[in-house]
Amino acid sequence: MVTLTHIVSVPSEVRNAFLFFSVLEFAVGILLNAFIFLVNFRDLVRRQPLSHCDLVLLSLSLTRLVLHWLLFLKAIQLTHFQRMKDPLSFSYQTIIVLWMIVHQAGLWLTMCLSLLYCSKIVRFSHAFLLHAASWISRKIPQMLLGAMVLSCVCTLLCLWDFFSGSHLSAVTRLLMNNSTELNLNIAKLSFFHSFLFCSLASIPSFLLFLVSSGMLVFSLGRHMRMMRAKTRGSGEPSLEAHTRVLRSLVSFFCLYVLSLCAALCSIPLLTLWHSKVGVMVCIGIMAACPSGHAVILISGNAKLRRAVDTILLWAKSSFKVRVDHKADPRTPDLC
């Protein structure tokens with residue numbers, strides 16, 4: 001007789017609170033990234049030239065929109081359709097693998113953004129580095145295309161590994177249908193292999209991101225030493241550009257590591273300890289990270305800040321008109 005792990009049911013209050021915060025994070029994430037996408041897409045529709053930075057942000061916001069949809073589906077799957085006797089259902093595995101793939105595509109795009117910042121801001125003295133920075137600043141569209149091609153290749157490899165592993169574990173379970181615990185262990189091992197395989201595919205882009213970010217940190221330190229030597233003021237535009245870029249990149253690094261650790265922790269919490277509450281916390285962290293980075297991207301981009309100011313000014317003027325109309329009902333309507 002097989003003894004399964006004791007399963008603790010989640011109270012309805014906890015589940016309802018998790019659903020409320022999931023909907024809230026989903027709405028905030030969709031609004032922020034849709035705002036970034038629409039501001040840049042509007043210029044694209046009007047045939048206005050997009051800067052390389054805007055082009056990267058347009059692509060990155062699109063992947064973040066898909067990411068938020070997957071996380072919302074994951075939350076619905078966990079609260080309504082997940083059975084703890086079979087924690088690794090095929091639909092749940094599919095959502096996690098797709099999340100890893102989209103997360104990996106976002107990392108490639110952020111790597112392009114980091115290289116762009118590095119080529120625009122860092123002042124190189126070596127001839128090779130000068131040539132490389134000039135080439136990168138001119139080839140960002142081609143780099144985006146290359147990043148998408150590499151993401152597609154990684155996606156095909158991850159999907160091939162996932163579906164082949166799922167098929168192998170299904171065949172093995174058919175041959176050994178007399179052991180429920182063994183079947184669950186086979187499914188867990190197969191999924192762990194697919195998850196690690198998808199994680200390893202993001203190492204090259206992550207290393208390039210770290211190298212370019214490290215060069216920016218080194219450049220900022222050198223620039224600050226030069227400022228101390230020349231006793232300049234702290235409001236120099238070059239220093240402010242360094243600070244804004246580093247804030248964006250460091251925040252992405254911290255949030256990326258945090259979301260990846262949450263994804264890694266969610267798997268043993270679900271499969272080994274059968275803790276739905278722990279998985280809920282991990283999903284909440286994974287959904288909050290891209291929204292937090294979107295806020296930092298908006299605050300650090302002049303074009304997006306102007307769009308926010310325009311929206312706030314329009315909302316303020318509309319509210320003022322409504323208040324004036326209520327205060328003086330004799331004011332005729334416009335239509």
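Which helix is His68 found in? His68 is found in helix α2; helices (H or I, at least four residues) and strands (E, at least two) are DSSP runs, numbered from the N terminus. The model is predicted, so local features need pLDDT of at least 70 and side-chain atom pairs count only at pLDDT 80 or more, whereas totals for chains, interfaces and linings use all residues. Residues are numbered from 1 along each chain as its sequence is written, and side-chain values use heavy atoms, with hydrogens and water left out.

**View 1. Overall fold of the predicted model.** The secondary structure of the protein comes to 10 helices and zero strands. Along the sequence the pattern is α-α-α-α-α-α-α-α-α-α. Of the 335 residues, 44% count as buried, where buried means under 20% relative accessible area, exposed over 50%, and partly exposed in between (1.4 Å probe, protein chains only). Among the contacts with a separation of 6 or more, 80% are accounted for by residues 24 or more positions apart; contact means heavy atoms within 4.5 Å.

View 2. His68 counts as buried, at 2% relative accessibility. Neighbours within four places in sequence are left aside here; the contacts of His68 are then Glu25, Phe26, Gly29, Ile30, Asn33, Ala287, Pro290 and Ser291.

**View 3. Backbone at Arg47.** Arg47 lies in the loop between α1 (12–45) and α2 (52–81). Its phi is positive, about 60°, although Arg47 is not a glycine. Most residues other than glycine have a negative phi. Arg47 is exposed, with a relative accessible area of 79%.

**View 4. Aromatic pair of Phe20 and Phe21****.** The structure holds nine aromatic pairs. One of them joins Phe20 and Phe21 edge-to-face, at 5.4 Å centre to centre and with 75° between the planes. Rings of Phe, Tyr and Trp (its six-membered ring) pair if their centres lie within 6.5 Å; planes under 30 degrees apart count as stacked, over 60 as edge-to-face and the rest as tilted. Phe20 counts as exposed at 53% relative accessibility, while Phe21 is partly exposed, with a relative accessible area of 48%.

**View 5. Aromatic pair of Phe209 and Phe252****.** This pair is edge-to-face, with 5.2 Å centre to centre and 75° between the planes. Phe209 in helix α7 (residues 203–230) and Phe252 in helix α8 (residues 237–271) are 43 residues apart, and the pair links distant parts of the chain. Phe209 counts as buried at 1% relative accessibility, and Phe252 is buried with a relative accessible area of 6%. Ring pairs link Phe209 and Phe252 with Phe206, Phe253 and Tyr256 into a cluster.

**View 6. Packing of helix α3 on helix α4****.** Helix α3 (residues 90–121) and helix α4 (residues 127–138) pack at an angle of about 125°, with axes 9 Å apart. Axes are lines fitted to C-alpha atoms, for helices over the stretch in contact, and angles run from 0 to 180 degrees between N-to-C directions. The angle makes α3 oblique to α4; angles under 35 degrees count as roughly parallel, over 145 as roughly antiparallel, 65 to 115 as roughly perpendicular and the rest as oblique. Leu115, Leu116, Ser119 and Lys120 of α3 make the contact with Ala133, Ile136 and Ser137 of α4. These contact residues divide into four nonpolar, two polar and one charged (Ala, Val, Leu, Ile, Met, Phe, Trp, Tyr, Cys and Pro count as nonpolar, Asp, Glu, Lys and Arg as charged, and the others, Gly among them, as polar).
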